[in-house]
Amino acid sequence: MGVSDTPTLDKHLSRQQETRTPVVAKNKDLLILTYGALVAQLCKDYEKEEDVNKYLDKMGYGIGTRLVEDFLARSSLRRCHSYSEVTHIIAEVAFKMYLGVTPSVTCKNSSRNEFSLILDKTPLSEFVEMLPAGRSSLCYCSLLCGIIRGALEMVHLAADVTFLQDKLKGDSVTEIGITFLKQPEEKKYRWKQ
Amino acid sequence: MAVCIMVIVKENYPFYVRSIPVENELKFHSVVHTSLDLVDEKISAMGKALVDQRGLCPGLLYPTEDYKVYGYVTNSKVKFVTLVDSSNTAHRDNEICSMFWKLHNSYTDVTCNPFPNPGDRIRPRVFDNMVTSLMTQVC
């Protein structure tokens, strides 16, 4: 082991130490206000809500593809064996770690590839009481959908993630639906005999 | 019971007005407007000695025949003024100050809403409910 290995080893160990006491952002107000400013600016830049939702989802996708590395390093989880396990980990470990909330998980169909995360309170929309007039189809937390989708794709799980219910639109809870899609068959290469 | 609660922003226009009964709102507007000078006077008289970390609570501004007027100024020069029925027994300063602190906390949550522009006169639901509970509670 050379001298250059020591800094990366230290960083790895410090991440491991952090996982023993998960750190939730102490000043989450700054995150909430930043996110609010982002959505407000997107609303000013784009007239249609579909565009705002689409770009929030895209941004979330970019965050998710990178965040999953950090998540896997901090949580040191073993391989999951079912979609149900994956969804439970997203709810109980990832959401808890980054947002400080734990949604409840329900399975929506018998083939066990459609799940819902039910949140009583979405932390990102804490200060938003209702959507502004004329923006009723805005999905305020679309970023979260994009993050989940991006993270799952980096671990080779294709999924469709959307908001099924939204407290900001008058529903009683916020519900995020995750539908795991069937993977296309991978080509198997055979050595030429 | 508090009959009127008004939030006045830095530029000295009312951001939020709530009065019971609603018909007397105009009268309350004039009472609060005249009390703004008193707020400034009391604050400058109090000076730096009594600065609370949350905001200055000069307390009772002046009593009229029907109402007593209480005021509170935040660090960002937003003023909260409340009119309380004179017929009730005297309120302790602490109760009034704690009422203003609750209002202040609610107000900071309202300002964190990303959609309205600062200075827009809005009627936020949670703030409204908080004010209703405070108005019925102060007795």
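In chain A, strand 1 and strand 2 (residues 114-119) pair in the antiparallel sense over four bridges. Two strands count as paired if DSSP finds at least two bridges between them. Helices (H or I, at least four residues) and strands (E, at least two) are DSSP runs, numbered from the N terminus. The model is predicted: local features need pLDDT of at least 70, side-chain atom pairs count only at pLDDT 80 or more, and totals for chains, interfaces and linings use all residues. Residues are numbered from 1 along each chain as its sequence is written, chains are lettered from A and ligands numbered from 1 in the order in which they are written, and side-chain values use heavy atoms, with hydrogens and water left out.

Axes are lines fitted to C-alpha atoms, for helices over the stretch in contact (heavy atoms within 4.5 Å), and angles run from 0 to 180 degrees between N-to-C directions.

Over all chains, the structure holds seven salt bridges. A salt bridge is a side-chain nitrogen of Lys or Arg within 4 Å of a carboxyl oxygen of Asp or Glu. One such bridge joins A:Arg135 and A:Glu49, with the closest N and O atoms 3.1 Å apart. The two residues lie in distant parts of the chain, 86 residues apart. A:Arg135 sits in the loop between strand 2 and helix 5, and A:Glu49 in helix 3 (residues 49-75) of chain A.

Ten residues of chain B are in contact with 14 residues of chain A. The area buried between the two chains (accessible area, 1.4 Å probe, lost on being put together and summed over both) is about 950 Å². Carbon and sulfur atoms give 68% of this area. In chain B, B:Cys112, B:Pro114 and B:Phe115 lose the most area to chain A, together 58% of what that side buries. Zero salt bridges are counted between chain B and chain A.
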